[in-house]
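Q: I am new to this model and would like a close look at a single strand and the parts around it. Please keep it brisk.
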Amino acid sequence: MKISTCLSTSPAKFEAVPFKGNFDKNILDISKMGFDGIELAVRDADSINQDEVVSKILSAGMQIPAIGTGQAWGEDGLSFTDPDPVIRSRAIDRVRGHIDLARKAKAVVIIGLLRGITRPDISQQKAETWMFGVFKECCIEAEAKEVEIAFEPINRYETSLLNGVEDGLRFIEKIGGNNLGMLLDTFHMNIEEPSIEKSIKVAGDRIFHFHYADSNRWYPGAGHLNFESIVEALYSTGYSRFLSGEHRPDPEPRFAAEAGLKYMRKLAAALGV
Ligand code: LER
Ligand code: MN
């Protein structure tokens with residue numbers, strides 16, 4: 001089992017990122033803990049030294065499975081479904097930067113809340129049409145650079161756009177092409193999916209990345225999710241990519257990350273994965 005945790009390249013409001021702050025020290029700490037990789041949360045990939053960021057992580061002996069884009073929404077208000085076409089176009093420009101970084105890092109680009117929400121004055125249909133158009137453009141750009149995009153089904157309390165696996169699979173089929181898949185996150189699945197295990201099996205080879213967090217969004221073992229059957233279901237699909245710890249940094253970032261890692265390693269040993 002390849003396990004990563006999330007690190008932000010800059011300060012961020014989003015709380016479920018275990019590591020932010022001193023970038024170099026965090027890389028060192030994460031590698032010492034025994035993680036195999038770092039998922040990077042990047043606000044604006046054009047404003048960082050991409051080669052340096054990638055090489056720092058690789059030379060610490062870790063991989064970069066995914067590049068998160070959520071801060072472009074959370075910090076800068078960019079969105080695939082903003083009524084203003086200039087904002088939608090700035091969102092595409094921003095993702096272009098993430099795609100360049102992902103190509104260097106051999107990572108997938110995550111689209112979470114950057115797709116936006118349906119605003120009260122906009123119809124769901126209108127928002128879906130805008131979202132489709134921007135996703136299509138991003139997928140075409142990414143394909144030309146041999147990069148995969150993984151959108152994340154996100155629970156209904158954060159957005160009304162693409163909440164679950166069934167919705168997600170329909171969307172992938174509509175977009176077409178082979179470089180669009182899903183990032184499944186146990187926290188969101190626990191809210192949206194009738195059965196987490198069945199939905200994982202249905203998603204199958206469209207699972208491009210995976211976030212683990214317990215039912216309370218703390219590290220695995222701190223809540224009541226059955227990770228044994230979840231991980232078993234995931235590996236039954238042939239999944240061989242990373243499982244990434246995206247959980248709250250409580251009670252303290254290092255403790256939470258290590259407790260989650262230890263829990264997942266023990267599970268991997270028991271399941272032989
Ligand atoms: C990000 O990966 C996530 O899971 C979302 O909750 C962001 O809003
Ligand atoms: Mn997530």
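In β8, which residue is the bridge partner of Phe 210?

A: The bridge partner of Phe 210 in β8 is Leu 243. The chain gets from β7 to β8 by way of helix α9 (residues 227-236), in a right-handed β-α-β crossover. Right-handed means that, with the strands pointing away from the viewer, the path from the first strand over the helix to the second runs clockwise. Helices (H or I, at least four residues) and strands (E, at least two) are DSSP runs, numbered from the N terminus.

A note on the basis. This is a predicted model, in which local features need pLDDT of at least 70 and side-chain atom pairs count only at pLDDT 80 or more, while totals for chains, interfaces and linings use all residues. Residues are numbered from 1 along each chain as its sequence is written, chains are lettered from A and ligands numbered from 1 in the order in which they are written, and side-chain values use heavy atoms, without hydrogens and water.

Now the strand itself. β8 spans residues 242-245, and both its faces are covered. Phe 242 and Ser 244 are buried on one side, Leu 243 and Gly 245 on the other. Buried means under 20% relative accessible area, exposed over 50%, and partly exposed in between (1.4 Å probe, protein chains only).

β8 has parallel partners. Three bridges join it to β7 (residues 207-212). Four bridges join it to β1. Two strands pair if DSSP finds at least two bridges between them.

The largest nonpolar core has 76 residues, and Phe 135, Ile 200 and Leu 243 touch the most other members. Such a core is a set of buried Ala, Val, Leu, Ile, Met, Phe, Trp, Tyr and Cys residues joined through side-chain atoms within 4.5 Å. A second, separate core holds six residues, among them Val 108, Ile 110, Ala 150 and Phe 208.

In α8 (residues 196-203), the buried residues are Ile 196, Ser 199, Ile 200 and Ala 203. They line one face of the helix, because they fall within an arc of 105° seen down its axis. That arc is taken from the directions from the helix axis to the C-beta atoms. The face turned away carries Lys 198, Lys 201 and Val 202, which are exposed. β7 and α9 are among the elements that cover the buried residues of α8. Ser 199 has a relative accessible area of 9%. Contact means heavy atoms within 4.5 Å. Beyond residues up to four places away in sequence, Ser 199 touches Val 165, Met 189 and Glu 193. Just after α8, Gly 204 takes a positive phi of about 45°.

On to β1 (2-8). It is one of the elements against which the buried residues of α1 pack, along with β2 (37-41), α2 (50-59) and α10 (253-271). Those buried residues of α1 (residues 23-33) are Phe 23, Asn 26, Ile 27, Asp 29, Ile 30 and Met 33. Their arc around the axis is only 170°, so they sit on the same side of α1.

Last, α10. It contains Leu 271. Leu 271 counts as partly exposed, at 23% relative accessibility. Leaving aside neighbours within four places in sequence, it is in contact with Glu 228, Val 231 and Glu 232.
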